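Reader: I am new to this structure and want the terms tied to their cut-offs. Please show it to me, then let me ask.

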Amino acid sequence: MASNRIGRINEEIQRELAELIRSLKDPRTQTMISITHVDTTPDLRYAKVFVSVLEDARSKEALKGLKSAAGWLRRELGSRLQLRYTPELVFQLDDSLKYGAHMFDLLSRLSAEEHRASAGEKASEEEDTPRDDS
């Protein structure tokens, strides 16, 4: 039952942080930032926030901006959520979207190679079959 509560808290933290990040004035965070997942410890002391940044070149700077704004984000989160403890926010880059795109690309290439190989086998089979020219 407690895991369901933590799951709801994670979703609420994710929703509120996504809204709060849009209002940050730090120029380092003025890029497309998505919160992909929040993982809160059972005692609600720490929340690991997985962040994905659209521009890879600016991802490290955006992460630094979020870390510098973590205190303000935590205070605002505490005023919006009714929790006994407001968790300390730990931001971490999430490259699962990039990894997923890479895997999709590999699978697409493999499928195309298999398609070409099967088309080549069909063409060679047609050449090998004797014709009946009567």
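Author: Start with one term: buried means under 20% relative accessible area, exposed means over 50%, and partly exposed lies in between, with a 1.4 Å probe and protein chains only as cover. Note that this is a predicted model: local features need pLDDT of at least 70, side-chain atom pairs count only at pLDDT 80 or more, and totals for chains, interfaces and linings use all residues. Residues are numbered from 1 along each chain as its sequence is written, and side-chain values use heavy atoms, with hydrogens and water left out.

Reader: Why is Glu16 called buried?

Author: Its relative accessibility is 13%. The limit is under 20%. So Glu16 counts as buried.

Reader: Where is Glu16, and what makes a residue its contact?

Author: Glu16 sits in helix α1, residues 2–22. Helices (H or I, at least four residues) and strands (E, at least two) are DSSP runs, numbered from the N terminus. Contact means heavy atoms within 4.5 Å. Leaving aside neighbours within four places in sequence, Glu16 meets that limit with Leu77, Arg80 and Leu81.

Reader: How many helices and strands are there, and in what order do they run?

Author: The protein has four helices and three strands. From the N terminus on, the order is α-β-β-α-α-β-α.

Reader: How do you know which strands pair?

Author: Two strands pair if DSSP finds at least two bridges between them. Strand β1 (residues 33–40) and β2 have seven bridges, in the antiparallel sense. Here Ser34 stands opposite Ser52 in β2. β2 and strand β3 (residues 88–93) have six bridges, in the parallel sense. There Val51 stands opposite Leu93 in β3. Both pairs therefore pass the limit of at least two.

Reader: What makes strand β2 mostly covered?

Author: β2 spans residues 46–53, and six of its eight residues are buried.

Reader: What lies between β1 and β2?

Author: The two strands form a hairpin with five residues between them. Leu44 in the turn has a positive phi of about 60°.

Reader: Is Leu44 buried or exposed, and why?

Author: Its relative accessible area is 6%. The limit for buried is under 20%. Leu44 is therefore buried.

Reader: What does Leu44 touch?

Author: Not counting residues up to four places away in sequence, Leu44 touches Arg5, Ile6, Ile9, Leu83, Tyr85, Thr86 and Pro87. Pro87 is 43 residues from Leu44 along the chain, yet their C-alpha atoms are separated by 5.4 Å.

Reader: Why does Thr40 count as buried?

Author: Thr40 lies in strand β1. Its relative accessibility is 4%. That is under 20%, so Thr40 counts as buried.

Reader: What makes the link between Thr40 and Asn10 a polar contact?

Author: A polar contact is a pair of N or O atoms within 3.5 Å; within protein, one must be able to donate a hydrogen and the other to accept it, and residues adjacent in sequence count only if both atoms are side-chain atoms. The side chains of Thr40 and Asn10 make such a contact at 2.4 Å.

Reader: What makes a nonpolar core, and which residues touch the most other members of the largest one?

Author: Such a core is a set of buried Ala, Val, Leu, Ile, Met, Phe, Trp, Tyr and Cys residues joined through side-chain atoms within 4.5 Å. The largest has 25 residues; Leu17, Val49, Leu73, Leu89 and Phe91 touch the most other members. The elements giving two or more residues are α1, β1, β2, α2 (59–68), α3 (70–80) and β3. α1 gives the largest share, six residues. In soluble globular proteins, nonpolar side chains tend to be buried together.

Reader: How do you know that the buried residues of α3 are on the same side?

Author: In α3, Ala70, Leu73 and Leu77 are buried. They cover an arc of only 60° around the axis, so they lie on the same side of α3. The arc is that of the directions from the helix axis to the C-beta atoms. On the other side of α3, Gly71, Arg75 and Ser79 are exposed.

Reader: Which residues of α2 are buried, and what arc do they cover?

Author: Ser59, Ala62, Leu63, Gly65 and Leu66 are the buried residues of α2. Their arc is only 160°, which puts them on the same side of α2. Lys60 and Lys67 are exposed on the other side.
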